[in-house]
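Let's walk through this one together, starting with the sheet and ending with a backbone angle. Have the sequence and the model open side by side.

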There are 2 protein chains.
Amino acid sequence: MDDDKVFKALADPGRRALLDRLCARNGQTLGQLCETMDMTRQSVTQHLGLLEQANLVSTVRRGREKLHFINPVPLYEVYARWIGKFEEARLGLLHDLKQELERKDN
Amino acid sequence: MDDDKVFKALADPGRRALLDRLCARNGQTLGQLCETMDMTRQSVTQHLGLLEQANLVSTVRRGREKLHFINPVPLYEVYARWIGKFEEARLGLLHDLKQELERKDN
DNA sequence: TTGACATGCAGGAAAATACCTGCCTATAAA
DNA sequence: TTTATAGGCAGGTATTTTCCTGCATGTCAA
């Protein structure tokens, strides 16, 4: 998985909105997604392209339509690699902070 | 919490590297963080500023030094609000995909 | 107080991003 | 076969982002 592509894909509110829509109803066409997006079809296409490159969205062609499906796997991997790690850090946080502040007084 | 700031903060590999360093050793000064970052101090400052605005890093001044501490809370909130939601979606994914493909044949 | 050191602040250049318009291709339906 | 519809592709522009240089401020130690 490419961490960087996933994070960059999630950095844009429009792309997160697209993931939201697909979360509500999976397998939508480009046209359907455009209806609620307040930007040109071409821009939506570009955003979906980045989501697809980040492997967050998979597509299937059906005739002249293109269906878009969410892929939650990379998000879960990001969680496993990042959030979990920081959870460990959380335990030591207050301790570290307290220690540093005390060192100040000495 | 400001979702957008958190996601944007995580979008840059340099900032993720900074979080990594703080995860390994919490409470480092700006100077210490610069030693391993291969960019100017001013750039590191800017990155740390964005992390702080996203509430991913908290700082404490100690004399002429500035100590940086990780704050994992917003990351956990992002997980709760996003990854969990997509986990639900995962369950329906294969079902949806299968259904759409079958509709194609009819 | 003076010199050294840690950090802050102010632009400015270069690259990346997000949008757009205009046109082309492919499929479905009349 | 013609027409309408769904989507693809090629630029071009405005904004944002990233990184830099140069200089200012604040703190410690001699």
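Two strands count as paired if DSSP finds at least two bridges between them. Helices (H or I, at least four residues) and strands (E, at least two) are DSSP runs, numbered from the N terminus. This is a predicted model, where local features need pLDDT of at least 70, side-chain atom pairs count only at pLDDT 80 or more, and totals for chains, interfaces and linings use all residues. Residues are numbered from 1 along each chain as its sequence is written, and chains are lettered from A in the order in which they are written.

Start with chain A, where three strands form an open sheet in the order β1-β3-β2, with antiparallel pairing. The edges belong to β1 (28-29) and β2 (57-62) of chain A, and each has a single partner strand, so one side of each is left without a neighbour in the sheet. Two bridges link β1(A) to β3 (residues 65-70) of chain A in the antiparallel sense. Look for Thr29(A), whose bridge partner in β3(A) is Leu67(A). Helix α2 (residues 13-24) of chain A packs on this sheet and touches β1, β2 and β3 of chain A (contact means heavy atoms within 4.5 Å). The direction of α2 makes about 90° with that of β3(A); axes are lines fitted to C-alpha atoms, for helices over the stretch in contact, and angles run from 0 to 180 degrees between N-to-C directions.

Now for the backbone angle. Most residues other than glycine have a negative phi. Asn55(A) is not a glycine, yet its phi is positive, about 65°. Asn55(A) sits in the loop between α4 (41-53) and β2 of chain A. In chain B, Asn55(B) also has a positive phi of about 65°, and its place is the loop between α4 (41-53) and β2 (57-62) of chain B.

Note on methods. Side-chain values use heavy atoms; hydrogens and water are left out.
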